[in-house]
Amino acid sequence: ESAHTVTKIQVPVEEEKKEEKKDAKKSEKSEKKEEKMETEETQENGVKEENISNENEAENVNAEKLEKSDSDEKMKENGAEEIISEEKKKPKMKTKTIQNSLEVTSSKKGFTPKELQEAWERENSMIATDKLIKDRLNAKNAVEEYVYDMRDKMYGNLSKFISEADKDVYLAELTKTEDWLYDEGENCQKQVYINKLAELRKVGDKVLMRSAESEGRQGALNLLGSSLVQVRKVLELVTNKDEKFDHLSEEDVKTLAEKDLEYQGVFNDLCNKVSNQKLHEDPVVTVAQINLKRKEFDDKCQPIVNKPKPKVEPPPVPAEEKKEEPTETPMESTDSNTEQAPPPPADPPADPASADPSSMDLD
């Protein structure tokens, strides 16, 4: 029984403690809420106070600006008035120009005449030295170019204009000259290169001459042959009594025949020599010789071939016949169907045989 009673007593004690704890918690919560409310109120009051203070400061700033602007304007007005008053007080000044003599001494730095002469001589000597060097190099390059050019041609289009033995000797000389240019002849004088080139040209020019003569020889022969053919055609027309050449005299025809026969033999002789000519030998007949023969032939035959015919004037008409001949004026017909009168017959051509020999131009 005693234990049971204890338990009954303990139960309300625990409940009281729980209630006390709940009350304490509630009181703490209420206190916290009150504190929060107080802090919020203080914050709101602070924000309001700050806003009010900011507005007051802005109003003060605007008022200060207005005061400053008013003061500045007043200062400007006062300053302008003071300046104008000072300018009015100042007397007008007159300017005078005074000229003073100023002595000027000039000195220039330069060369004396003697120094200029020496500089000019040095410059000319340098120019002369440069020219000598340039001429020497050009002479050396000319030898080198000739060696390369002739070597290529000896194996090309000029090989048939030199014998095999001479070609071998010449090619060896070209190779020797090339080696000399890069060894002993590297820095020689201009005249040395000129002499070396002249030695090489003694053989090379002959070969080039044979090639040029071979190309131009046939053309020169063709021109001489065409001149012979022209004269022969004229002789044929003369024998056929063509009117174009009936004015040539017997002496002219004889000269043409003789020259044609003479130069036909020359032409045949030249053709035989050319046909027997070997390409690697010097030409027996040159182009200049053939052209000279053609010129001689043309100078003797062309004046006869191109001799103009004499002009034959018709006999004069008597004055009485001229008066009797009526003069007709052409009439223009308005009617297109009307027939025109046939033209009068032309005068018969005058006979050269019946003309007065005194009125003819004789050669």
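In which helix does Glu-31 lie? Select helix H1 (residues 2-89), where Glu-31 is found.

The model on display is predicted: local features need pLDDT of at least 70, side-chain atom pairs count only at pLDDT 80 or more, and totals for chains, interfaces and linings use all residues. Residues are numbered from 1 along each chain as its sequence is written, and side-chain values use heavy atoms, with hydrogens and water left out.

**Whole chain**

Buried residues (under 20% relative accessible area, with exposed over 50% and partly exposed in between; 1.4 Å probe, protein chains only) make up 18% of the 363 residues.

**Stop 1: the glutamates of a surface patch**

Select Glu-28, Glu-31, Glu-34, Glu-35 and Glu-38, which form a negative surface patch. Patch members have over 30% relative accessible area and no salt bridge, and like charges are joined within 9 Å; Asp and Glu count as negative, with the charge placed at CG of Asp or CD of Glu. Glu-31 counts as partly exposed because its relative accessibility is 46%.

**Stop 2: Met-150**

Move to helix H2 (residues 113-154) and select Met-150. At 1% relative accessibility, this residue counts as buried. Leaving aside residues up to four places away in sequence, Met-150 touches Leu-158, Tyr-170, Leu-174 and Gly-204, a contact being heavy atoms within 4.5 Å. The C-alpha atoms of Met-150 and Gly-204 are separated by 7.3 Å, although the two residues are 54 residues apart along the chain.

**Stop 3: salt bridges**

The whole structure contains 14 salt bridges, each a side-chain nitrogen of Lys or Arg within 4 Å of a carboxyl oxygen of Asp or Glu.

Select Glu-164 and Lys-167, whose side chains meet at 3.7 Å, N to O. They are three residues apart in helix H3 (residues 164-181), so about one helical turn separates them. Glu-164 counts as exposed at 51% relative accessibility, whereas Lys-167 counts as buried at 11%.

Next, select Asp-252 and Lys-307, a salt bridge with its closest N and O atoms 3.1 Å apart. This pair links distant parts of the chain, 55 residues apart: Asp-252 is in helix H5 (residues 250-275), and Lys-307 is in the loop between helix H6 (287-305) and helix H7 (319-324). Asp-252 counts as buried at 13% relative accessibility; Lys-307, at 22%, counts as partly exposed.

Finally, select Lys-295 and Asp-299, which form a salt bridge at 3.1 Å, N to O. Both lie in helix H6, four residues apart.

Conventions:
Patch = residues over 30% accessible without salt bridge, like charges linked within 9 Å, V, L, I, M, F, W, Y side chains within 5 Å. Areas by Shrake-Rupley, 256 points an atom, 1.4 Å probe, with all protein chains shown as cover. Helix = DSSP H or I, 4+ residues; strand = E, 2+ residues; numbered from the N terminus.
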